[in-house]
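I opened a new structure today and kept notes as I went. Here is what I looked up, entry by entry.

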Amino acid sequence: MKLLSFEWNSARPAPGLREHTPAPRRCGPGFSHWVGALIGLLIAGTAGAADVRLPDFGSSADVMLTPDIERRYGEQMLREMRAANLIFDDPQIRDYIEGLGYRLVAQSERPDRDFTFFVLRDESLNAFAMPGGYIGIHAGLITTAETESELAGVIAHEVAHISQRHLARAFESASKSQLPIALAMLGAIVAAQAAGNSSGDLAQAAVVSGSALMQQRLINFTRGNEYEADRIGIQTLSRAGFDVNAMPDFFARMHRANRANGSEIPEFLRTHPVDTTRIAEAKERAAQLAAERSAARRPAADANVALPLTVPKLAVPAPVADRSATQTGSAALPAFLLFRERVRALSSRAPSLLVQDYQRHLEATGESDAGLVDARRYGLGLALVRAGRPEDAVPVLTRLAQDHADSTSVQLALAEAESTAGRHAAAVERVRQLDARRPGERAITQSLATVLLAQSRKEDARQAAKRLKPVLEKLDADASLIETYARASQIAGDDVRAGEMYAELTLLNGRPDDAMGQLRGLLDRVDVDHYQRARIEARIAQITPWALFVQEERRKQANPGP
């Protein structure tokens, strides 16, 4: 498996705020450290690779690593990460990143391809592509980005790696057995974490034991891959209406910060070598595209109407956070700023200290950007709830909700604070009003179910389950939705349906054998009726091929060929 990754562990704080984190534990490195080591192992040597001519797209790579096999590996790796609680399953975060990602995919070289975008609970500046169209973005990259276009530039770069088949082409001359090896290594790291191996010895053993097998099979990505991903990524940015200079500007900022640090070269610069030549070429390409775009909008000589020379920023398709509107004269809250502060607040390992940072910043004078101020008030409200101070969060978010009555994100944050503070009736009424205006939206439906379940009443739980069921049937697998539905079913007294949902969670955590065991256990219950039995048996039949696939890959890892 080849993970194409960005990573930057600069000491530079995120724009405008300092992120406080606990002192490193003496017990040893954690999960993200070993995943980072695995990623580094898979992409070692890129910085020194020579620029070579890339093979034709119609090469034997498609035979070596079929799209179906790619998808299975990527899906299993995502499940391993979810098992370690690395993945944000927050519906608002997921809606935003999917909306932004598919806005770029629609303008990419492969708009017909399936992609999966997800955010990781990791504070390093990193993004990576995995087999099967999976693209992960670390929380640290999101909170460091100063504009939506910077974030879009990194995602467009990763989309280009996938659309150009860089992953598959890298394996053209190598055995694809390193994919199951890497997968098993990641599984071993997860198992070590789950077993409470605080010293990291088991995780280290997993990486070391697999490295010897993989070293002889590694194919280094070339600088040519990076330049091609830059070129195509900038084209995608331009077509999607973003600032084409965002990608080179972001690269330049990281390059300057790294030189200022004077520390060991971060993984980002090893795997995606950024030097002045690459930055200059990216800027040149951006300038060329900007000129072409302006020329395309320049009026003819005999035209009497002046046309704009820049493309207006397009709205991200359908994310909940983007649906704020002007209210009583106040400007709409920018979707990206709300998204960034939500990620910052929910990923912080020290919410109490983050609250202090927000408060200090908001008390400072001279802030002229009202949208940024309000977005940070939103982040402050979320951080207060996470810090166990929902009563303090309510007035902060109430004022914000009055200024931005049509912002779904703000209203949902206020409802969460009210519910956590014990104001259940107010929270339920607030979300019911949102649901009446926008029925069927994932984030609103899940929030309504959550506030209904707060008091663990059977009738409320039945209502929650009723509202969640059609959303689950309409959307792809969402761990947070499934977990909420499982709780609702359990409180409502539907133990069979709850058992099915908990089995689905087990499957999403990469354990198909355990999931099938849980489903078979349900078949032994005397209260399972004919329809439930048929549904459970059908699900077991669907899971079986996946379980066999995982078993086979683990067998390959245990007995690698020559």
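**Overall picture**

I started with the secondary structure: the protein chain has 25 helices and four strands. Helices (H or I, at least four residues) and strands (E, at least two) are DSSP runs, numbered from the N terminus. Before going on, I noted that this is a predicted model, where local features need pLDDT of at least 70, side-chain atom pairs count only at pLDDT 80 or more, and totals for chains, interfaces and linings use all residues. Residues are numbered from 1 along each chain as its sequence is written, and side-chain values use heavy atoms, with hydrogens and water left out.

Next I checked burial: of the 562 residues of the protein chain, 55% count as buried. Buried means under 20% relative accessible area, exposed over 50%, and partly exposed in between (1.4 Å probe, protein chains only).

I also looked at contacts (heavy atoms within 4.5 Å). Among those with a separation of 6 or more in the protein chain, 73% come from residues 24 or more positions apart.

**Helix α4**

I picked α4, residues 91–105, and checked its length. Its 15 residues should span 21 Å at 1.5 Å a residue, and the end C-alpha atoms are 20 Å apart, which agrees. The expected span is 1.5 Å times one less than the number of residues.

Is α4 enclosed or open? I found 13 of its 15 residues buried, so α4 is largely enclosed by the rest of the structure. At its N-terminal end sits a cap: a side-chain oxygen of D90 lies 3.2 Å from the backbone nitrogen of Q92.

**Rings and charges**

I counted six aromatic pairs. Rings of Phe, Tyr and Trp (its six-membered ring) pair if their centres lie within 6.5 Å; planes under 30 degrees apart count as stacked, over 60 as edge-to-face and the rest as tilted. F115 and F117 make a stacked pair, 5.9 Å centre to centre with 10° between the planes. F115 is buried at 5% relative accessible area, and F117 is buried at 3%.

Ring pairs also link Y73, W546 and F549 into a cluster. Over the ring of W546 I found the charged end of R79, 4.9 Å from the centre. For this, NZ of Lys or CZ of Arg must be within 6 Å of the ring centre and within 35 degrees of the ring normal. R103 lies over the face of F242, 3.8 Å from the ring centre.

**V428**

My last stop was V428, in helix α19 (residues 424–437). V428 counts as buried because its relative accessibility is 15%. What does V428 touch, not counting residues up to four places away in sequence? I got L448, V451 and L452.

Technical notes:
Polar contact = N/O pair within 3.5 Å; in protein donor to acceptor, adjacent residues only side chain to side chain.
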